[in-house]
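Keep the sequence and the 3D view side by side.

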Amino acid sequence: MPETSDVVELILQDHRRMEDLFRRMRSVEDDRGAVLREFSDLLIAHALAEESKVYPALKRYKNIEDDEVEHGEEEHDEGNQALLALLEVEEIGGDEWDEKLEKLVEAVTHHADEEERTILNGARENVSAERREELGKAFREERERQLRSGCGSVDNVRKIVES
């Protein structure tokens with residue numbers, strides 16, 4: 001896949017990566033604990049980068065609804081709560097794991113689908129390619145900074161959920 005800095009494309013790439021990680025977390029042939037750790041880091045870094053670098057900028061565009069952006073933030077909270085519930089399951093692969101994983105998949109998939117249809121389509125239609133590149137660079141830098149910090153640890157996810 002060619003390197004891009006377009007914020008819409010970067011967010012879409014993360015969404016596709018999350019879908020792949022969901023498949024791997026369902027697979028008994030994979031190291032599901034390791035995949036969950038990778039997923040947790042990606043989800044938290046992705047959401048924090050969107051909320052700090054992308055969403056505030058998109059609120060300035062008249063054809064991107066503020067309530068869609070705020071709804072996206074609410075759905076991040078729901079995804080974080082579902083992630084924490086899965087991270088706190090003691091037996092990977094047991095019934096409780098499967099149940100919590102499916103709740104996480106549902107929350108994140110719902111959010112990604114809505115975000116792609118509303119916010120990202122709005123950004124593609126109403127934000128210049130140059131501005132999407134600028135936002136993409138800021139998004140990527142913040143996401144990488146969060147990933148380096150170990151943002152997906154159970155303790156950090158718990159702090160985010162409790163705040």
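**Helix packing and selected side chains**

Helix α1 spans residues 7–26 and helix α4 spans residues 95–126; their axes come within 11 Å and cross at roughly 165 degrees. Angles over 145 degrees count as roughly antiparallel. That makes α1 roughly antiparallel to α4. The crossing of the two helices is left-handed. Sorted by class, the contact of α1 with α4 has 14 nonpolar, 2 polar and 7 charged residues. This is a predicted model, so such geometry is computed from predicted coordinates.

Now turn to one residue of α4. E116 sits in that helix. Is E116 buried or exposed? Its relative accessible area is 19%. The cut-off for buried is under 20%, so E116 counts as buried. Its side chain has a polar partner: the side chain of R16, at 2.8 Å.

Next come the aromatic rings. How many aromatic pairs are there? The count is 1. The pair is formed by F22 and F39. Their ring centres lie 4.8 Å apart, and the planes make an angle of 40 degrees. Planes under 30 degrees apart would count as stacked and those over 60 as edge-to-face. The F22–F39 pair is therefore tilted, falling into the remaining class.

Helix α3 is the next stop. It covers residues 66–87 and contains H71. H71 has a relative accessible area of 31%. Buried needs under 20% and exposed needs over 50%, so H71 is partly exposed. Follow H71 across to E114. The two are 43 residues apart along the chain, and their C-alpha atoms are separated by 9.5 Å.

Finish at helix α5, residues 129–148, where R132 is found. Is R132 buried or exposed? Its relative accessibility is 12%, so R132 counts as buried. What does its side chain reach? A polar atom of the R132 side chain lies 2.7 Å from the backbone oxygen of V127.

E116 is buried at 19%, and R132 is buried at 12%. E116 makes its polar contact with the side chain of R16, whereas R132 has a side-chain polar atom 2.7 Å from a backbone oxygen, that of V127.

Notes
Residues are numbered from 1 along each chain as its sequence is written. This is a predicted model: local features need pLDDT of at least 70, side-chain atom pairs count only at pLDDT 80 or more; totals for chains, interfaces and linings use all residues. Side-chain values use heavy atoms; hydrogens and water are left out. Axes are lines fitted to C-alpha atoms, for helices over the stretch in contact, and angles run from 0 to 180 degrees between N-to-C directions. Helices (H or I, at least four residues) and strands (E, at least two) are DSSP runs, numbered from the N terminus. Angles under 35 degrees count as roughly parallel, over 145 as roughly antiparallel, 65 to 115 as roughly perpendicular and the rest as oblique. A crossing is left-handed if the near helix is turned anticlockwise from the far one by less than a right angle, and right-handed if clockwise. Ala, Val, Leu, Ile, Met, Phe, Trp, Tyr, Cys and Pro count as nonpolar, Asp, Glu, Lys and Arg as charged, and the others, Gly among them, as polar. Rings of Phe, Tyr and Trp (its six-membered ring) pair if their centres lie within 6.5 Å; planes under 30 degrees apart count as stacked, over 60 as edge-to-face and the rest as tilted. Buried means under 20% relative accessible area, exposed over 50%, partly exposed in between (1.4 Å probe, protein chains only). A polar contact is a pair of N or O atoms within 3.5 Å; within protein, one must be able to donate a hydrogen and the other to accept it, and residues adjacent in sequence count only if both atoms are side-chain atoms.
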